[in-house]
Amino acid sequence: MFSIFRPKETGKVVAMDRFRSGASLSPIRQAEAYWSALRDGAEIPFRSQIDPRGLEQVLEYAFILERVAPGVGRFRLAGQHLCQLAGMEVRGMPVTSFFTTDGREGMAATLEYLFDTPAIAELSLNGERQSLRGPCEARMILLPLKSDLGDCSRILGVLIADGDFGRAPRRFDIVDTQIRDLAAGLERPKRAQEAAQGFAETQAVLGGKAPWLRLVKSDE
């Protein structure tokens, strides 16, 4: 169902089911299963359908994004794991604050494509290299949601990292992006830069380069 274009200089495929350390990515799979269960046929779930009880086991990794401008998604809610990575409360911050300068363009293009198509994205991330800090890798899934107005302008996401977090904010480069297009009949590769109220919002906290993409027809 997923296909990947890696940057040409590596030519390697990164496994998306676990980290190199062997740690499981089950929070990502659990969030996707919950989101899929909310779909009515091919419809995208509404944000108001998201109930924290359905994500109880993954709340610390979960977040809700709101589209506030083209390519810009701002955290409305975020779990403690994200706050730990950032070294601060992240609610109200753009999701691109977790990315390096090189990674932000690719993330913005991916967000815009997800909102416009809509589609699901999974990202493989590597922590920015810094002195006195060990390696850190992360995975992220982005699942589109409708607002109460019916437009696709929200995202349910999970971000889970493995490695040396440190105390200062951790920022990531995008290594791979996998896109699952939810619209039938579309199957073509694109460069990322060319891919042009269950959670109560009064709660404070719930607990290189632009990548190549291949858009793959969903079996759902």
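The structure is a predicted model. Its chain has 220 residues, of which 51% count as buried. Three helices and eight strands make up the secondary structure, and along the sequence they follow the pattern α-β-β-α-α-β-β-β-β-β-β.

**Helix α1**

- Helix α1 covers residues 26-38, which is 13 residues in total. From its first C-alpha to its last it reaches 19 Å, close to the 18 Å expected at 1.5 Å a residue.
- Its buried residues are Pro27, Ile28, Ala31, Glu32, Tyr34, Trp35 and Leu38. These residues lie on the same side of α1, because they cover an arc of only 160 degrees around the axis.

- Arginine 180 belongs to strand β6, which runs over residues 172-181.
- Arginine 180 counts as buried because its relative accessibility is 2%, and the cut-off for buried is under 20%.
- The side chain of arginine 180 makes a polar contact of 2.5 Å with the side chain of glutamate 32. Glutamate 32 is itself one of the buried residues of α1.

- Helix α3 has 16 residues, which should span 22 Å at 1.5 Å a residue; the end C-alpha atoms are 24 Å apart, which agrees.
- The buried residues of α3 are Gly103, Gly106, Met107, Ala109, Thr110, Leu111, Glu112, Tyr113, Leu114 and Phe115.
- Proline 118 is located in the loop between α3 and β3. The peptide bond that joins threonine 117 to proline 118 is cis, with omega at about -10 degrees.

**The nonpolar cores**

- The largest nonpolar core holds 34 residues, and Phe75 and Leu142 touch the most other members.
- At least two residues of this core come from each of β1 (62-69), β2 (72-78), α2 (80-86), α3 (101-116), β3, β4, β5 and β6. Helix α3 gives the largest share, five residues.
- Leucine 142 is in contact with Phe63, Leu65, Met107, Leu111, Leu114, Ala119, Ile120, Ala121, Leu123, Ile155 and Leu156, leaving aside its neighbours within four places in sequence.
- Another core, of 22 residues, lies apart from the largest one, and its members include Ile50, Ala62, Leu143 and Val158.

**The aromatic pairs**

- A pair of aromatic rings is described by the distance of the centres and the angle of the planes.
- Two aromatic pairs are found in the whole structure.
- Phenylalanine 63 and phenylalanine 75 form an edge-to-face pair, with 5.4 Å from centre to centre and 85 degrees between the planes. This pair links distant parts of the chain, for phenylalanine 63 is in strand β1 and phenylalanine 75 in strand β2, 12 residues apart.
- Phenylalanine 63 has a relative accessible area of 0% and is therefore buried. Phenylalanine 75 also counts as buried, at 2% relative accessibility.
- Phenylalanine 75 and phenylalanine 98 have ring centres 5.7 Å apart and planes at 80 degrees, so this pair is edge-to-face. Because phenylalanine 75 lies in strand β2 and phenylalanine 98 in the loop between α2 and α3, the pair ties together parts that are 23 residues apart in sequence.
- Phenylalanine 75 and phenylalanine 98 are both buried. Through these ring pairs, Phe63, Phe75 and Phe98 are linked into a cluster.

**Proline 135, an exposed residue**

- Proline 135 sits in the loop between β3 and β4. It counts as exposed because its relative accessibility is 75%, and the cut-off for exposed is over 50%.
- Proline 135 touches Asp162, Gly163, Asp164 and Arg170, not counting residues up to four places away in sequence.
- The C-alpha atom of proline 135 is separated by 5.9 Å from that of glycine 163, although the two residues are 28 residues apart along the chain.

Key:
Residues numbered from 1 in each chain as written. Predicted model: local features only at pLDDT ≥ 70, side-chain atom pairs only at ≥ 80, totals over all residues. Heavy atoms only, no water. Helix = DSSP H or I, 4+ residues; strand = E, 2+ residues; numbered from the N terminus. Buried < 20%, exposed > 50% of the residue type's maximum accessible area, 1.4 Å probe, protein only. Polar contact = N/O pair within 3.5 Å; in protein donor to acceptor, adjacent residues only side chain to side chain. Expected span 1.5 Å × (residues − 1). Arc of directions from axis to C-beta. Core = buried A, V, L, I, M, F, W, Y, C linked by side-chain atoms within 4.5 Å. Contact = heavy atoms within 4.5 Å. Phe/Tyr/Trp six-rings, centres within 6.5 Å; stacked < 30°, edge-to-face > 60°.
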